[in-house]
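Please view the structure before reading on.

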Amino acid sequence: MWAELLPVGRSAASGGYRRHAWNSADAECRAWFEQQATTRGLGYELDRNGNQWAWLGDPTGDGAVVTGSHLDSVPDGGAFDGPLGVVSSFAALDELRSRGAEFTRPLAIVNFGDEEGARFGVACIGSRLTAGVLGREQAYELRDADGVRLPDAMERAGYDPAVIGADHDRLGRIGAFVELHVEQGRYLTEDQPIGVASAIWPHGRWRFDFHGEANHAGTTRIEDRRDPMLTFADTVLSARQQAELAGALATFGKVAVEPNGTNAIASLIRGWLDSRAADETVLTELVERIRQSALRRGERDGVRVELTRESYTPVVDFDGPLRDRLAKRLGGVPVLPTGAGHDAGILASAVPTAMLFVRNPSGVSHSPAEYAEQADCLAGVTALADVLEDLACQ
């Protein structure tokens, strides 16, 4: 399975993946998922929000145990973030069948669409729509860098955007959701290949718009310039400084420049801030300090600054009894928080949810250098199979 997925959407130039929502690579991944389901004799289903489901047992039954993750990527992302969870889910089912496990609950494997938000700027769109966290009207307004609306992209890919929206009946039939994911960071030790998540830090995405004045780079006097690049650059440095003081994280990883000419002073800089903290109050205060810093510098530079919150996820504490049950079943593995968002975090308000982490020896993620040892990945499959057996075969 892993070998089949490796070439899909991979850039020859960077070695990273460009599996973005509703593009051709995404379509290949979706076809792969459907094939894995049908090959195993599972019931295949596409829900109203474009998420894929593979069912063992009655999909309309109550108390289903669900596992899975996502197959899309950030721009030039790594091979493990998302796909490891989906591949491991199918492999864990194979392992349970080889054990002769007898299922007493329906079991499903899911591929949530557009988890990374690389194309439309909002993470976890598939699970957000399903949970009702993202409404249809909001989703319809989302556009990619080329101005293509989300519903139009879905329609071009052969899906019906008219039916997207909250799917509370589906979530109400789920008894537990367990997502396996490669560790994003380096906290698991050499003798601990598997961990259980305790919580997800609150996090969000904010867009800063710096409005200046376009002009000639070679003829405009320094004192006559209203250059938004200066305000943006100062804000980037301020964000790093304020995050360090707060013990939090703040990253400008995406920027758009207009008119984007080498010999032109920019008229508009758009910079996207990703910020995360262990506490919601700390996060709110951090973003406000960054905003105030941008406003002060903007006033000095003659630049107007606007801030728009594009997405926000409050702190997620995973279901305590389920978390403890998993940790005990796996022999007391480490329980640790994470700063990364996941579909499991979106579903946690509606479904008992837990996560397993597979050790990442380098700690690198969202990069072509992302990596996990095969032995650790196989340990993850065994751990997931043990957990699913405990939940779905009692």
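In this predicted model, Phe33 touches Tyr44, Gln52, Trp53, Ala54, Leu71, Val86, Phe90, Ile109, Val110 and Asn111, leaving aside residues up to four places away in sequence; a contact means heavy atoms within 4.5 Å. Residues are numbered from 1 along each chain as its sequence is written. Local features need pLDDT of at least 70, side-chain atom pairs count only at pLDDT 80 or more, and totals for chains, interfaces and linings use all residues, while side-chain values use heavy atoms, without hydrogens and water.

Phe33 also belongs to the largest nonpolar core, which has 51 residues. Such a core is a set of buried Ala, Val, Leu, Ile, Met, Phe, Trp, Tyr and Cys residues joined through side-chain atoms within 4.5 Å, where buried means under 20% relative accessible area (1.4 Å probe, protein chains only). The members that touch the most others are Trp32, Phe33, Phe90, Leu326, Leu330, Leu356 and Leu391. Helix 12 (residues 374-392) supplies the largest share of this core, nine residues. A second, separate core holds 25 residues, including Ala108, Cys124, Ala131 and Phe177.

The chain as a whole contains twelve helices and 15 strands, these being DSSP runs (helices H or I, at least four residues; strands E, at least two) numbered from the N terminus. Of its 394 residues, 53% count as buried. Among contacts with a separation of 6 or more, 76% join residues 24 or more positions apart. The C-alpha trace spans about 80 × 45 × 40 Å along its principal axes.

Methods: Buried < 20%, exposed > 50% of the residue type's maximum accessible area, 1.4 Å probe, protein only.
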